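Subject: Structure handover

Hello,

Here is the structure I said I would pass on. My notes on the sheet, the core and the ligand site follow below it.

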Amino acid sequence: MSKIETLLRLANDADMMALRQNLVMDPNYQHWLDDFDVETQKLWVFGDPAIGFILLQIVLDEAEIIMLWVTPHLRGKGLAGAALKQLLEILRADNIKTVFLEVAKDNIAAIKIYEKASFLTLSIRKQYYKRNNDDYCDAIVMRAAI
Ligand SMILES: CC(C)(COP(=O)(O)OP(=O)(O)OC[C@H]1O[C@@H](n2cnc3c(N)ncnc32)[C@H](O)[C@@H]1OP(=O)(O)O)[C@@H](O)C(=O)NCCC(=O)NCCS
């Protein structure tokens, strides 16, 4: 396979359509696109056609990564890490000073990416996510000063 284009761009209609097709394979994340609020959020995508996205909210000089997603069959190739690195460069150039996010404690791949990008744990939200069989998972709130 040729190298996947990871240059970040803001989503257009064709990107939304491509992402929706990819999300059929991972329907638990479909709602992030359905609920995308163009007034308050930014949707960055990568791949052509789009194979992943970063959903972001910015208030003054703070940003929050709401979701980072890569289509399942292309995971483990460094795409999310590369996209996040670019995003932080874009935000830095936009004078954003702090970036927050929240990640489930059992989401090892995501935590690895965030730690590599200099995110540090700010706090733990105990039993924040409900899992199957009345099981709960803590959420980790992370912050990066950029
Ligand atoms: C999390 C997610 C974005 C990662 O995307 P990706 O393109 O596969 O990530 P990358 O390839 O850049 O990096 C994954 C890293 O985690 C590691 N990893 C992946 N699965 C792992 C596992 N089960 N245990 C330990 N490490 C794991 C990889 O080896 C890699 O680390 P490395 O760079 O040191 O080799 C992707 O799995 C995804 O879309 N998940 C569903 C949505 C999600 O959970 N988003 C995060 C919400 S906070």
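Which element gives the most to the shell around the ligand? Helix 4 does, with five residues. Please keep in mind throughout that this is a predicted model.

Ligand site. The ligand is surrounded by 19 residues, and the closest of them are Arg75, Ala80, Gly81, Ala109 and Ala110. Strand 4, helix 3 and helix 4 are the elements that give two or more residues to this shell. As for its placement, helix 4 lies across strand 4, strand 5 and strand 7, and it runs at about 160 degrees to strand 5.

Seven strands form an open sheet with mixed pairing, in the order 1-2-3-4-5-7-6. Strand 1 (9–10) and strand 6 (120–130) are at the edges; each has a single partner strand, so one side of each is left without a neighbour in the sheet. As background, the strands of a sheet pair through backbone hydrogen bonds, in either a parallel or an antiparallel sense.

Strand 5 shows both kinds of pairing. With strand 4 it runs parallel, joined by four bridges. With strand 7 it pairs in the antiparallel sense, over seven bridges. Valine 99 in strand 5 has a residue opposite it in each of these strands: alanine 63, and alanine 144 in strand 7. Strand 4, helix 3 and strand 5 together make a β-α-β unit, which is right-handed.

The side chains of strand 5 alternate along its length.

Core. The largest nonpolar core has 34 residues, of which Val45, Ala50, Phe53 and Ile54 touch the most other members. Elements giving two or more residues to this core include helix 1 (13–23), strand 2 (41–46), strand 3 (52–59), strand 5 (98–104) and strand 7 (136–145). Helix 3 supplies the largest share, six residues; helix 3 is also among the elements that give two or more residues to the ligand shell.

What does alanine 50 touch, leaving aside residues up to four places away in sequence? Its contacts are Ala11, Asp15, Ala18, Leu19 and Val45. Val45 and Ala50 are both among the core residues that touch the most other members.

Regards

Note on methods: Residues are numbered from 1 along each chain as its sequence is written. This is a predicted model: local features need pLDDT of at least 70, side-chain atom pairs count only at pLDDT 80 or more; totals for chains, interfaces and linings use all residues. A nonpolar core is a set of buried Ala, Val, Leu, Ile, Met, Phe, Trp, Tyr and Cys residues joined through C-beta atoms within 7 Å. A residue is buried if 20 or more other C-beta atoms lie within 10 Å of its own, exposed if 12 or fewer, and partly exposed in between; C-beta atoms are placed from the backbone. Two residues are in contact if their C-beta atoms, placed from the backbone, lie within 7 Å. Two strands pair if DSSP finds at least two bridges between them. Axes are lines fitted to C-alpha atoms, for helices over the stretch in contact, and angles run from 0 to 180 degrees between N-to-C directions. A crossover is right-handed if, with the strands pointing away from the viewer, the path from the first strand over the helix to the second runs clockwise. A residue is near a molecule or strand if its C-beta atom, placed from the backbone, lies within 6 Å of it.
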